[in-house]
Amino acid sequence: MPNTFSRPQRLVTLFSTLFILLCCASAAYGLDNGLARTPPMGWNSWNKFACEGLNEKVVRETADTIVANGMKDAGYQYVNLDDCWQTSRDADGNIVVDAAKFPTGIKALADYIHSKGLKMGIYSDAGMLTCAKRPGSIGHEYQDALQYAKWGIDYLKEDWCSTLPNQNAESSYTLMRDALADATKKTGHPILFSLCEWGSHQPWLWAGPVGNTWRSTGDIQDCWDCKKDWGGNGVTAIIDLLDPIYSYAGPGHWNDPDMLEVGNGGMSTEEDRSHFSLWALLAAPLLSGNDIAHMSADTRSILLNKEVIAIDQDPMGIQGHRVKKDGDLEVWSKQLADGGRAVILLNRSKASAKVSANWADIGFPDTLQASVRDLWAAKDLGKLSGSYSATVPSHGVVMLRVKP
Ligand code: GLA
């Protein structure tokens, strides 16, 4: 067929096609609620306070501390109630707040948290009951979503306990996604959606357009390398599970290796530091899970390392992954928006050891001169080419920013 377009017309057509492809390719994947363009940061009650310890006083004190101790300035934003804020449903099916734990109610608490310049999260479950046997949301998705939006809730974590036999995860979470979108339309209040089905249905394959984050693994355990039969994992087991699925994460839709255990006492300071570094390299949600109103100086210095946080929050939104493994000695790398790399030299062994990252391991030519900065020592190590080696303590990391 003869080409009937002039050259300028062809150029216009070409550029329009390119524009449509680029625009729609980026819009097609990921939930389009505009939230979590970088991994969400904040605090969640569960890892430390569980059911028994959760109450309004703890939550208010936590919000006060996030503002006072610099965490808010460092990017921590969401103050999230986990399980046990709810008791039952009233005759109209409305969710009833546990008044013994939250005497002023959820709306007043949300107002308080907002008055501090922070945001508030809440928890529900896609089944009949939450994991702590409080009412779940099945059959009440639209009613609950609207209630949350009216209270001013900014973040919903939805768990997967007491689901029906053969309940379909993708359609259940899609239903709640749509209920949240409808509530946002009615109230103007957007709500970040965090899926929590523990990776049981490979959510990385389908949850991009459904949720802003999805738990990719079972419940985190406060230990370095333990592994429970029921699917609970320590830090090293979790990173091994997150490594192969790195390409599914991106702005607005993140793999979630679970809330932080930093400061909860099960790991040494060295291990806590490694845990936090690895979560940052994995572009994980950084939800502290400890008693931040009463934490040690060591814990505080880990949670507040802004250079490590900047790796997690890098605007390009690439999840890092393992690039080299030599027994218990590993190198992990994350591509950054400035063309550099975050690099972790990880020593999983029982004794200190030398770990080396070659430029070729992190996608740089050998001859490239790159500036290297140690993010925990807060020290520039100069312009280097070829490789960098360091002695890394047992269960420790050296975390670097390498910039051409
Ligand atoms: C599940 C979730 C946890 C926590 C508890 C609450 O185990 O995975 O993160 O929310 O339920 O009961």
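**View 1. Polar contacts and the domain 1 side of the interface.** Between domain 1 and domain 2, eleven residue pairs are in polar contact, both residues at pLDDT 80 or more. On the side of domain 1 that touches domain 2, the elements giving two or more residues are helix 8 (235–242), helix 9 (269–281), helix 10 (297–303) and helix 11 (306–312). Helix 9 contributes the most, with nine residues. Sorted by class, this side of domain 1 holds 13 nonpolar, five polar and seven charged residues. The model shown here and in the other views is predicted.

**View 2. Extent of the interface.** The domain assignment places domain 1 at 30–312 and domain 2 at 320–403. Their centres, taken over C-alpha atoms, are separated by 30 Å. In contact are 25 residues of domain 1 and 22 residues of domain 2. The two domains bury about 2100 Å² between them, with 64% of it on carbon and sulfur atoms. Within domain 1, the most area is lost to domain 2 by L281, E307 and I311, together 31% of what that side buries.

**View 3. Salt bridges across the interface.** Four salt bridges are found across the interface of domain 1 and domain 2. D243 and R322 meet through their side chains at 3.4 Å, N to O. D240 and R348 form another salt bridge, at 2.9 Å, N to O. This pair links distant parts of the chain, 108 residues apart: D240 is in helix 8, and R348 is in the loop between strand 13 (341–347) and strand 14 (353–358). D240 is partly exposed, with a relative accessible area of 30%, whereas R348 is buried, at 15%. A network of salt bridges links D240, D243, R322, K325, E330 and R348.

**View 4. The salt bridge of K324 and D361.** The closest N and O atoms of K324 and D361 are 3.3 Å apart, in a salt bridge. K324 lies in strand 11 (residues 321–326) and D361 in the loop between strand 14 and strand 15 (370–374), so the pair ties together parts 37 residues apart in sequence. K324 is partly exposed, with a relative accessible area of 26%.

**View 5. Packing of helix 5.** In helix 5 (residues 105–115), the buried residues are G105, I106, L109, A110 and I113. These buried residues pack against helix 3 (56–68), strand 2 (78–80), strand 4 (95–97), strand 5 (119–125) and helix 6 (141–151).

Key
Residues numbered from 1 in each chain as written. Predicted model: local features only at pLDDT ≥ 70, side-chain atom pairs only at ≥ 80, totals over all residues. Heavy atoms only, no water. Domains from an automatic or database assignment. Contact = heavy atoms within 4.5 Å. Buried area = accessible area lost by both parts, 1.4 Å probe. Polar contact = N/O pair within 3.5 Å; in protein donor to acceptor, adjacent residues only side chain to side chain. Helix = DSSP H or I, 4+ residues; strand = E, 2+ residues; numbered from the N terminus. Nonpolar A, V, L, I, M, F, W, Y, C, P; charged D, E, K, R; others polar. Buried < 20%, exposed > 50% of the residue type's maximum accessible area, 1.4 Å probe, protein only.
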